[in-house]
Structure formats: structure tokens, C-alpha cells
Amino acid sequence: MATTVHEPPKIDSDRLPDDGHTGNGGWKNLVPAGGGPRLATDYSPPPSSTAIWVVLFAISMMFAAFTSALVVRKGSSLDWRSFTLPSILYLNTLILLASSVTLEIARHRVAAFMNGLKTRSEHPARWLYVTLGLGLLFVAGQYLAWKQLSAQGLYLATNPSSSFFYVLTAAHALHILGGLCGLLYVIRKLNNSTLRRNTLVATARYWHFMDALWVYLLVLLWMKL
Amino acid sequence: MSVHAAHHAPTSFIRKHVFSLDHKVIGKQYYALALVAAMVGMFLSWLMRIHLAWTNAAIPGLQLLSANGAPGGVMTPEYYLQLMTMHGTIMVFFVLTTAPFAAFGNFFLPIQVGAEDMPFPRFNMMSFWVTFTAFIVLMASFFVSDGPTLGGWTQYAPLNAVGPLAGPGQGMGVILWMASIAIFCVGQLLGSLNFITTTLDLRVKGMSLMRLPLSAWAWFITSCMGLTAFAVLMPACILAILDHVAGTSFFVPSNLVISGQLLPHSGGSTLLWQHLFWFFGHPEVYIAIVPGIGIVSHILLANMRRPMLSQRVLIYCMGALAVLSYMVYGHHMFVSGMNPYSSLAFSFPTLAITIPATITVLIWTFSLYGSKLRINAASLFALGFISMFVSGGVSGFFLAQPSIDIMLHATYFVVGHFHLVMAVAAMFGIFAGTYFWFPKMAGRMMNETLGKAHFWLSFVGAYCIFMPFHYLGMAGNVRRYSTFVDDYLQPLIPVHRFITVAALLTGCAQLIFLYNLIHSRFWGKPAPDNPWEATSLEWSTATPPPFDNFGGKHPIVYHDPYQYGVQSSVGDYVMQASPEQVKTEHDEK
């Protein structure tokens, strides 16, 4: 084996790549001919934007697995017992939908604040606190739904239908709690004046996804239970 | 993109070597974890092999490991199954997934794309420590009263959910297994998140997707697979734990009587577990092997000194393997009682997946043909990888057909198949990667003579162990039996003894590697920055790389990753980050 020590190439940050040498190409030149040198950030989305889609994809797969388990389990036996969903779920749905609206208001307020259009005295975090409160209210509402169900004698192991109800709603509630932690993080960063817009956008996307996921779960539970 | 703006080079021992945010340290931690896990897994396989060859022989000291499982040092059938389960679980999850993907990927993916670190270093650190916790939880099952679970690494229902009635280890052992794997899933999901965002967002200027080295492509594709597969396995484990501890009936059917006792569960679907498990389980095979494909291609290119026949097609093949891996999982369930039409439906993509696999092998073969390959430990193990991949892959043709699989299912033929194509091939990929990248990781060269000796002993040894498995399988030797007392199995005992001797010797040969690794780490010859005259970005930086990988600079990529066989100022290659204008005849226009 030939061992050669050679100097690492001199990396000149002001020099453009060779335009004519694109090799295997793909996107060919990321740095356009005649363009100034740009950092990766110029053509790459910020990692948090990509990351949130990755996270949402993983969560979707998880709930897809739960859904397929529900469909297969229901179809494979005769012991499935249907029950009426606790009515408080519909109120919870409205609360969660409202929290998405308040988060959007918060996002616009914060964006305006970060753009210097509004002053700090207008409390840009106010609507974030409202969203946080609505999120907590939703989790409390879900807890009441579980209490309602257990009052009817339907526990986790009573019937596969109730098992799936508890598992799906608990898994979703855990993700909502994760979203609440995200909101707290955003509020803390905002108060420290260190909030990045991408963080807020990513948190908002997560929250809206939780919203949509809940509507999906509600329809699924309503149809299948 | 200044990831390191968020964290500076740590000075304390804890932050530098234990709870480090540096992807390079995390990569080494993953490697160390895989190394320990591999030694444990191999030791368990030795115990199993000795028991299979000399069933009633007392293994000195084994009773200390488990007084109930091996009274007087003689293994009980249940204990054999427990060791087998732990061997499979440790090897698949904590060696084949962590070493080629998490260990090498963590260390080299950010450097190969020109980044300072992963975009979420805290998640990265969590990913390792969560995985480490999963390993500890799994190991803890050795120390509970009735030992680890005996259900196999696939943990089929209803055995995984019916509790201690089903045998030793089916109580707390199963719970620990399920918890360990669920925790492991969290670790891998966090890792995948970082790998995907690193590849998509942190590529340095000039590094288009098609300029990524093949190893980086392999890690990226694997992380996409991991994201999908582990996100499905985790809920399956949660449901199984609930069946076990909360009395639900997701997987346990009605009227199940175990040890004379009617179980209270009703109506669960045992097939449901298999569907959920294998939806993860088959992609897991490719999670283990695709990084190997990328690593081996990367190494062969550096040693062939000329471009691959078609790098682009190889990338497409790895992508095709990833996509198809989700469509073939039913071939594990041909004899499960699944609808026979489903078997047919799963058989077609199973045969189809051989097409990208075959194209990959043909690209390697034709690229190697006529090349003046530099023979070193890394390139030898890369060749060994191809050999194992082909040998194991060929038997896959047989198993892909339901009518033949009915005969061969659950025999040693299957054991031979997956050990060659997944386990040994992936291990050879890990070894190749180690010999190739060790200089960059540790700053010292490994001993080449010992490396070559390690290769030849491992190569011959692996074939001596696993080729006879196919013969055993065709002779009807079923797997997972702890003894072979039937008349038709008795004549096969000498074959088992041959395999056992081969396994013991091949295992001993790994001590050469271990010695080489440890000795070279401390006393090896200091490594130059680019000992292999390779072209990708990891060889553009110092050895070992500084904390921020490129010493505060942002490299610019000017060339494709494998510009070998050219005339440049440094030799027959031009590095990706070299601004040198080089006329290359191999560029695809």
C-alpha cells in the first residue's frame, strides 16, 4: 500500500467552483456562474424546517401503525364492542382548533414584533400564553373523557375498542404535552429575545399537525368504535 | 452553517468524552457500544454452538451465569432459547444497526458533507445515551430471577404477551426486552432526524446531492428507512407491553390455554404482531446492509483508483432496495397462515428486489474487472463483503418462492441465508470501514499484516460456519431446537461439531482484530492526513479532525467524490475540495 503524506488543499473561501466541471451533476452547480460565493444557508432550508417535517413523518408512521392495528384487530374477531364516544371530546376538539387559531395570531404578532413593526409593550407572547392555556385545557378535557369512560365501566382492558381508545388518545395527549413543552421553549426564547423565526414556525407546524391528527383520530374513533 | 456557534470545544472530561455533543465522539461511543455488544453476542453464540455439538457436556462456569438455566454447567433447552434470543437481539439491534450506521455515520457524515457537526447535537447525544440505556435494559434481563426472554429476536405473539406461564423469561424478561427495543427505537429516530437534516441542510458549498460520497448516500437512505421502520416497531412494542402488563388483548387470541391454565385474553390477532414486526423487520435487514454497500463502494473506489462503472445507478439501486424493502416483508410470513394470495403478492417484490441487488453486484464486479486493486485489509474485507452478499443473496432466490419456502422455512437453510447476507456481510462492512477509517478516527494506522491475517481467517471461517447451514437446512434440520435427538437428525451431529469448531476458531480470530484495534489506538504508527490517497472531504482535514472538523474553514467542493485515475499535482487523484483544474475523462456529461 502506497502511503503518501500530502498537504491538504488550500481552501480559498473567495474562490468559486469551476463552472465547467460539474461531473455527475445532479443539481450541477449550486453556485451559479458569475454568482458570488454563498454559504450553505443560501440554498439549504434551515435544519429546523426540515427537521419538523421529519418529525411529523415519524409521528404519522406511528399513528399509521396504530390505525392498521385497529383495523386488523377489529376485523379479526367477534369480541369488538362498540360504544359512544364521550361527548366532551367534541368540546375538546373545538378547544384544540381554537388553539391553532390563537397560535397563528401569535405567530403573526411575533413576526411583526421581530420585524420591528410592534414594540415589546404589546406583549407578543400574550397569544402564545393563550395557546398554552388552551392546550392544557385540551389535555384536561381528555382526562375528563377518560374519567367519563371509566365511569361507564370501560377500562383499558375491558374491550379492544376501549383499549384502542385509551391508547390512541393517550399517545396523542403525550404528543400534545410535547407541543406544550415546545411552546414553553418558544415563550422563554421570546422573553430572552433569542427566538429564531424558524423555531416558531416549526413549533406552529407541529401544533397544527397535532390539531389535524386529532381530527383524524376523532373521525377514526367515531367510525370504528 | 455554524452549528458549533451553539457549543464550543468542551474542556471537562465529562463533556469531552462522556456527555459529548461532538458527533465524532458520539460516533466513537456508538462504535465502542457495538464492539462490546458484538463480544457479548459472539460469546453467547459460542455457548450455543458448544451445546448443539455436545449436548450433554457441562460448560465450566456456565452455572455461575444462570444456576437454573445451566445446572452443573449443562444448558437446559429453555436456557438455550434464552441465549439464542439475546444473541439475535444484541447482534441485530446493537451491532448491525449501531456500528455501520450510527457509529461510522455519526463520525463521517458531517465531515463528508463539509459540516461542522450535526444540526441538533443535543439530540445526537441523547440518541447515543438512549441507545446505551436500551442496551443496559436488555442486559438487565440476564439478572432477573428467571432470566431473559426465550421468544427469539422476533418475539412472536402470543408468546410475547402471555407472561411467565409460557416459560422462563416470559415474565420480566419479555417486559425488559420490549422496553429495551422501544427505547432503542427512540434513539434511532433521534439519530435518523440528525442524519437526514445533516444531509439535506448542512452540505457545504458545491456539495450537490450527486457529489455526496456513496457512503453518505447510504447513511442518508438508511436514516430514511430507520425513520419509517422504527416508528412502526415502537407502537408494536407498546401494544405488546400492554397485553403483557395491563391485560389488553391486541395480540393474544381467545381460549388460549398455557400450562393447563385458560388465559383471560380474548380475540387478539397473533398475525397482527407479525405484520407490525416484519414491516420493521425486513427494512431492518437493509438498515444493516445498505450502509455496508455504501462503505464498501467508498473503500473499493479508493483502492481501485478509478471511478465506479456508474455511481448514479448504484445510488438508485440503494434507493430501490430501501423502497422495495417495505413491500417484501410478507415473505417472512409465507407459512404463518396468511392468505396464500398474499404470499404470491409478497413473492413478486421479493424476487424483484434481487434486481437492484444484482445490479449493485454487477457494478462492483465490472468496476473491479481490470482494475489494479490495492490489496490491503480494508479492500480485502470489502471484497469479502461482496462475496458474502452474493453467497447469502443467492439462497434468497430459493426462499423468495413460497412453494420452496414451505420446505425450507424455519430450517438452518434460513439461518445460513440471513447470517451470510446480513450478519457476516455487514460485519465485513464494519471491519472494512474500521481498517479504512481508523487512521482518521484515531490518528494512528492499524497493523496491515494483522489485518490481512484477520481477514483470511474470518473469510474462511465464516464460510466454514455458514455454508454447511444450507446443507443442514436441506436435510431438514429445524432451527431453534436445542438438541437433535430424532433419528434423522442424529447423523447431522458431526456437521454441527464441524461448525462449532469453526465458530470457536473464527471467534478466536476476532481477538487478532481486537488486539490490533487496541494496540494501534495507543501504539500504532501516526497516521498522515490522507493515507489512502482518497478524495472525499474527510481526507481533506487534519488527522484526527479538529473539534469543528475543518479548523474554522468552510471547504468548497469543486469535484465529484471519486476523481481517481486523473493526472493532478498530488498524484492520480484530485480531492473534492481541491480547486485544481483537472481534465477528467471519467466525468459523466
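1. Two residues are in contact here if their C-beta atoms, placed from the backbone, lie within 7 Å. This is a predicted model, in which local features need pLDDT of at least 70 and side-chain atom pairs count only at pLDDT 80 or more, while totals for chains, interfaces and linings use all residues. Residues are numbered from 1 along each chain as its sequence is written, with chains lettered from A and ligands numbered from 1 in the order in which they are written.

2. Chain A has five helices and zero strands, and its pattern along the sequence is α-α-α-α-α. Helices (H or I, at least four residues) and strands (E, at least two) are DSSP runs, numbered from the N terminus. Of the 225 residues of chain A, 31% are buried; a buried residue has 20 or more other C-beta atoms within 10 Å of its own, an exposed one has 12 or fewer, and a partly exposed one lies in between, with C-beta atoms placed from the backbone. Among contacts of chain A between residues at least 6 apart in sequence, 75% join residues at least 24 apart.

3. Chain B holds 16 helices and four strands. In this chain, 59% of the 589 residues are buried. Of its contacts with a separation of 6 or more, 78% are between residues 24 or more positions apart.

4. The C-alpha atoms of chain B fill a box of roughly 80 × 50 × 50 Å along the principal axes.

5. A nonpolar core is a set of buried Ala, Val, Leu, Ile, Met, Phe, Trp, Tyr and Cys residues joined through C-beta atoms within 7 Å. The largest one has 241 residues, of which Met318(B), Phe381(B), Ala425(B) and Ala432(B) touch the most other members. Helix H4 (residues 77–113) of chain B gives the largest share of this core, 23 residues.

6. Beyond its neighbours within four places in sequence, Ala425(B) has contacts that include Ile289(B), Phe385(B), Met388(B) and Leu420(B).

7. In chain B, the axes of helix H8 (residues 270–304) and helix H11 (residues 354–368) come within 11 Å and cross at roughly 10°. H8(B) and H11(B) are therefore roughly parallel, a term for angles under 35 degrees. Here Ile293(B), Leu300(B) and Met304(B) of H8(B) meet Thr360(B), Trp364(B), Ser367(B) and Leu368(B) of H11(B).

Note on methods
Axes are lines fitted to C-alpha atoms, for helices over the stretch in contact, and angles run from 0 to 180 degrees between N-to-C directions. Angles under 35 degrees count as roughly parallel, over 145 as roughly antiparallel, 65 to 115 as roughly perpendicular and the rest as oblique.
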